[in-house]
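Dear colleague,

I am passing on the structure we spoke about, and below it you will find my notes on what was found. Please read them with the model open beside you.

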Amino acid sequence: MSNILDKIIAHKLQETAARKEQISISELEKSIPERSIISLKESIKKTESGIIAEFKRRSPSKGLINGTALPSEVPAGYLEAGVAGVSILTDEEFFGGTNEDLKTARSFAKGPILRKDFTVEEYNVVEARAIGADAILLIAAALEPKQLKNLAKLAKELGLEVLMEIHNKEELNRSINEYVDLVGVNNRNLKTFEVSINTSIELEKAIPNEFLKVSESGISNPKTILELREIGFSGFLIGENFMKTNNPIQACKEFVSMLKNLG
């Protein structure tokens, strides 16, 4: 596990302990809204683009990406542009996001929302459901296999879908389980921050076909999506390509339009 991930996880455990003191897990459970989950998996299957577009203010590798985009506008705009789902960063310390960002996006966005955060405990899973997420991210590099399976099982019990993120074959083989819906290959090396689409290309065949396959990071050209789709990927998480522009919604519209013309 890389130093940055170690650092993030250590902070997340402290942060979760502090949150538990403010709101107990039973109180959180009571605050779960009466709404049906919108399936990210099904949306990816039936949406032409297969794109999961991210709302992300900053990152440890890039610093500030976009300080002005609004969660009330951008996620809804992405969905109108034709993406399959949106990903909302809710980690504050390292990514500048908040739970409020997701709650706000939920009020305006009519499609599936993936809560992008570092899920380390059951509390985080219940919290995701309470703030309006449809799916959660579980990072294999950050969790023991048994822990990941237990968190995925709880997510399913709450109606949430699970995207398990891997960086290599070892993480995949160690952590894959029946409660996972989507397997995401992160093309970013957590140790060097280098990004290579070859990571997805090399790992695709190792992922069992019953899981929907998602390629994450480093996708900035519609042609890359066509290449990845050709080998078996259905979902494509685009992190900063739209957010780094002055108008993320317009950038997304243009990208989706180019993809349709190529396809």
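**Notes on the model**

Lys-46 has its place in helix H3, which covers residues 40-46. Please keep in mind throughout that this is a predicted model. Because its relative accessibility is 69%, and a residue counts as exposed when that value is over 50%, Lys-46 is classed as exposed. Between Lys-46 and Arg-174 there are 128 residues of separation in sequence, and their C-alpha atoms lie 30 Å apart in space.

The barrel comes next. Eight strands close into it in the order S1-S4-S5-S6-S7-S8-S9-S10, and the pairing is parallel. On average, and with direction ignored, neighbouring strands of this sheet are turned by 25° against each other.

Towards S4, strand S1 pairs in the parallel sense over four bridges; Ala-53 has Val-86 of S4 as its bridge partner, while Phe-55 is partnered in S4 by Ile-88. Towards S10, which runs parallel to S1, there are three bridges, and here the partner of Ile-52 is Leu-237.

Helix H4, residues 74-81, is mostly covered, since seven of its eight residues are buried, namely Val-74, Pro-75, Ala-76, Gly-77, Tyr-78, Leu-79 and Ala-81. These buried residues pack against strand S1 (51-55) and strand S4 (85-89), and also against helix H6 (99-108) and helix H12 (248-262). After H4 comes Gly-82, which has a positive phi near 110°. Helix H11, residues 222-231, lies across S1, strand S9 (212-216) and strand S10 (235-238), and runs at about 145° to S10.

Phe-95 is found in helix H5, residues 92-95, and counts as buried because its relative accessible area is 11%, where the limit is under 20%. Setting aside its neighbours within four places in sequence, Phe-95 is in contact with Ile-8, Lys-56, Arg-57, Arg-58, Ser-59, Pro-60, Leu-89 and Phe-118. One of these contacts, Pro-60, is 35 residues from Phe-95 in sequence, with a C-alpha to C-alpha distance of 7.0 Å.

Ser-200, for its part, sits in helix H10, residues 198-203, and is buried, with a relative accessible area of 0%. When residues up to four places away in sequence are not counted, Ser-200 touches Val-185, Asn-187, Ser-215, Leu-228, Ile-231 and Phe-233.

Sorted by class, the lining of the largest pocket holds 15 nonpolar, nine polar and ten charged residues.

Ser-217 is placed in the loop between S9 and H11, and it counts as buried because its relative accessibility is 13%, where the limit is under 20%.

With best wishes

Notes. Residues are numbered from 1 along each chain as its sequence is written. This is a predicted model: local features need pLDDT of at least 70, side-chain atom pairs count only at pLDDT 80 or more; totals for chains, interfaces and linings use all residues. Side-chain values use heavy atoms; hydrogens and water are left out. Helices (H or I, at least four residues) and strands (E, at least two) are DSSP runs, numbered from the N terminus. Buried means under 20% relative accessible area, exposed over 50%, partly exposed in between (1.4 Å probe, protein chains only). Contact means heavy atoms within 4.5 Å. Two strands pair if DSSP finds at least two bridges between them. Axes are lines fitted to C-alpha atoms, for helices over the stretch in contact, and angles run from 0 to 180 degrees between N-to-C directions. Ala, Val, Leu, Ile, Met, Phe, Trp, Tyr, Cys and Pro count as nonpolar, Asp, Glu, Lys and Arg as charged, and the others, Gly among them, as polar.
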